[in-house]
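Hello,

Here is the structure I said I would hand over. My notes on it follow below.

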Amino acid sequence: MTVVDQKKCDECGTCIGVCPQDAIILGKALRISSEKCTSCGICVRICPFAALSTDGGKSK
Amino acid sequence: MSDAANNKYDIIVVGAGPAGSMAAMAAAEAGRRVCLLERKSKAGAPVRCGEGVGFKGLTLSVEPRPEWIKSTLTRARMVSPSGINVEIKNGAEGWILDRERMDAGLAAMAAEKGAELIPNTPVTSAEKLPDGTYRCVSAETGDAREFTAPCLILADGVESRLARGFGWNTALKPGDIESGAFARVKSKDIEPDCCVFYTGSKAAPGGYVWIFPRGEGEANVGLGVIGSRCRPGLPKELLLSFIAGRFPNAEVTDLHCGGIPVARWTRPLVKEGVMLAGDAARQVNAINGAGIAYSLYAGKAAGAAAAKSIRPNGTCDHRTLTEYHRTWAKNYGKQLDRSYALKEFIMSANDAFLDRIAESLSKEDPAKISYLRVFMRAFASKPLLLLKAFKLFK
Ligand SMILES: Cc1cc2nc3c(=O)[nH]c(=O)nc-3n(C[C@H](O)[C@H](O)[C@H](O)COP(=O)(O)OP(=O)(O)OC[C@H]3O[C@@H](n4cnc5c(N)ncnc54)[C@H](O)[C@@H]3O)c2cc1C
Ligand code: SF4
Ligand code: SF4
């Protein structure tokens, strides 16, 4: 699944705008639902600050 | 849900950006009980915006306070991929805003009109209840809070996450979003009244770099990269290397990122008692990424329709809400549709094509090329540039 590096994340919400699974939520901090995420990688590519990474679905 | 307070309103507005604050202000002004829920502790900070706006677009919706305006633009320059300059000089047409002050000011104005501004409140879910009203829940801190109302305005910006629960598919395709990064730069090299744009696949693939002077030797410098040509961290890398090359040894602060929807505006804008406004409804000019004027306008129209829709018995007349969609479609819908069509066309063009446009424009009288025409309205109404573009394309 896809994970966020909180130190790099600027909380801009861009990744949320593209996630087809509605798997990302920004509350106090950014969270990704391991249940909903399909590791499609769309959010990883769009992040302006390279704060997201995915293991290609190995853990799913 | 433990002992969440049972907060009942006529209208709930989610997001205190320009769209949400205008909506809350318009609805509260009409005497409705309104709450304005904002995730951050303070509306407007940090700024995620170039802060450029045309006079007309801003003043159509709100009378700006003097402290919202940082500088007035009188000139613009476009730099093509190979470095051809196109000068545009036809008098003052736009401002650089202080969005931190403006956004906070708009939220405060909504509160003065009677809206209840509730910061530190990320709405984590929104749903329709069996009685036809809507419930928003903020459940981040353990002590979940609930808000209910017969009418809900979603102005949650580029994320537009909450709309999905009501059947809208707001997830943007990578080709319909710009991934952006920007910073404040202090340098003696900044021209005080001139905004500068750089295009080309080296500077910003499928987007452009902008320099917006905000006075006192400072500028907003930023760029957008089209999502379909982005890779992790590319906007930040390109920005930092642009700044290092163009403003060596400058003081760089406030490095932030943000996403700009460059999609078609969402249709319909209203479903039953729920409305979308601003970036959440993708009400953005797809050519240049400008959204401030549109979100102000849309928010105000949505808030006015919401106020009108509340019946004396406290229910919401859903048909009245659709006035918002019609007002928007009539006044801005076509213009933004044209911009979207043109965006699709420009995206298919290569650097050589942009150079050819620049070359032909660079021979024009700078006073006769309208900055507003080219950027703020993005070729939309008097398509001098479009005409040339198509001629060159043949
Ligand atoms: C890098 C960049 C540069 C830009 N430059 C320009 C420019 O020069 N000129 C221009 O006209 N436009 C520009 N734009 C676009 C402009 O910033 C937006 O169009 C505008 O801010 C949209 O206003 P809005 O009210 O719809 O959304 P926003 O201003 O994004 O406000 C949304 C608000 O909702 C809050 N929120 C989101 N989700 C929740 C939730 N679940 N619960 C509670 N609160 C929530 C957010 O915290 C935020 O305060 C730029 C955008 C970017 C990213
Ligand atoms: S796009 Fe990147 S920086 Fe922005 S919120 Fe998502 S992870 Fe954070
Ligand atoms: S990898 Fe795909 S599904 Fe998972 S959070 Fe990112 S965009 Fe959503």
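Predicted model: local features only at pLDDT ≥ 70, side-chain atom pairs only at ≥ 80, totals over all residues.

To begin with a loop: Pro268(B) sits between S16 and strand S17 (270-271) of chain B.

Pro46(B) belongs to the loop between strand S3 (34-37) and S4 of chain B. Another backbone point is Asn120(B), a residue other than glycine whose phi is positive, near 55 degrees. Asn120(B) is found in the loop that joins strand S7 (116-118) to strand S8 (125-128) of chain B. As background, most residues other than glycine have a negative phi, and most peptide bonds are trans.

Next, the sheet. In chain B, eight strands make up an open sheet with mixed pairing, and their order is S4-S6-S5-S13-S14-S15-S12-S16. Strand S4 (52-54) and strand S16 (251-261) of chain B are the edges; each has a single partner strand, so one side of each has no neighbour in the sheet. From one strand to the next the twist averages 30 degrees. Within the sheet, strand S13 (residues 194-199) and strand S14 (residues 208-215) of chain B are paired in the antiparallel sense over four bridges. One residue pair to look up is Thr199(B) and its bridge partner in S14(B), Tyr208(B).

Two helices of chain B pack against each other. The axes of helix H1 (residues 18-29) and helix H3 (residues 99-112) of chain B come within 8 Å and cross at roughly 20 degrees. Because of that angle, H1(B) counts as roughly parallel to H3(B). The crossing of H1(B) past H3(B) is left-handed. On the H1(B) side the contact is made by Pro18(B), Ser21(B), Met22(B), Ala24(B), Met25(B) and Ala28(B), and on the H3(B) side by Asp103(B), Leu106(B), Ala107(B), Met109(B) and Ala110(B). By class, this contact of H1(B) with H3(B) has nine nonpolar, one polar and one charged residues.

Now the ligands. Around ligand 1 there are 40 residues, and the closest are Gly15(B), Gly17(B), Gly258(B), Gly278(B) and Gly291(B). The elements that give two or more residues to this shell are H1, S4, strand S12 (177-186), S16 and helix H5 (292-309) of chain B. The shell around ligand 1 divides into 17 nonpolar, 15 polar and eight charged residues.

Ligand 2 lies between chains A and B. It is surrounded by 14 residues, with Cys9(A), Cys12(A), Thr14(A), Cys15(A) and Cys47(A) the closest. The residues of the shell around ligand 2 are ten nonpolar, two polar and two charged.

Ligand 3 is surrounded by 14 residues, and the closest are Cys19(A), Gln21(A), Cys37(A), Cys40(A) and Cys43(A). The shell around ligand 3 has eight nonpolar, six polar and no charged residues.

Last, the contact between the chains. Chain A gives 22 residues to the contact and chain B gives 29 residues. On the side of chain A that touches chain B, the elements that give two or more residues are helix H1 (14-18), strand S2 (24-26) and helix H2 (42-46) of chain A. That side of chain A divides into 14 nonpolar, four polar and four charged residues.

Regards

Key:
Residues numbered from 1 in each chain as written. Chains lettered and ligands numbered in written order. Near = placed C-beta within 6 Å. Nonpolar A, V, L, I, M, F, W, Y, C, P; charged D, E, K, R; others polar. Axes fitted to C-alpha atoms, helices over the stretch in contact; angles between N-to-C directions. Parallel < 35°, antiparallel > 145°, perpendicular 65-115°, else oblique. Left-handed = near helix turned anticlockwise from the far one by under 90°. Contact = placed C-beta atoms within 7 Å. Pairing = 2+ DSSP bridges.
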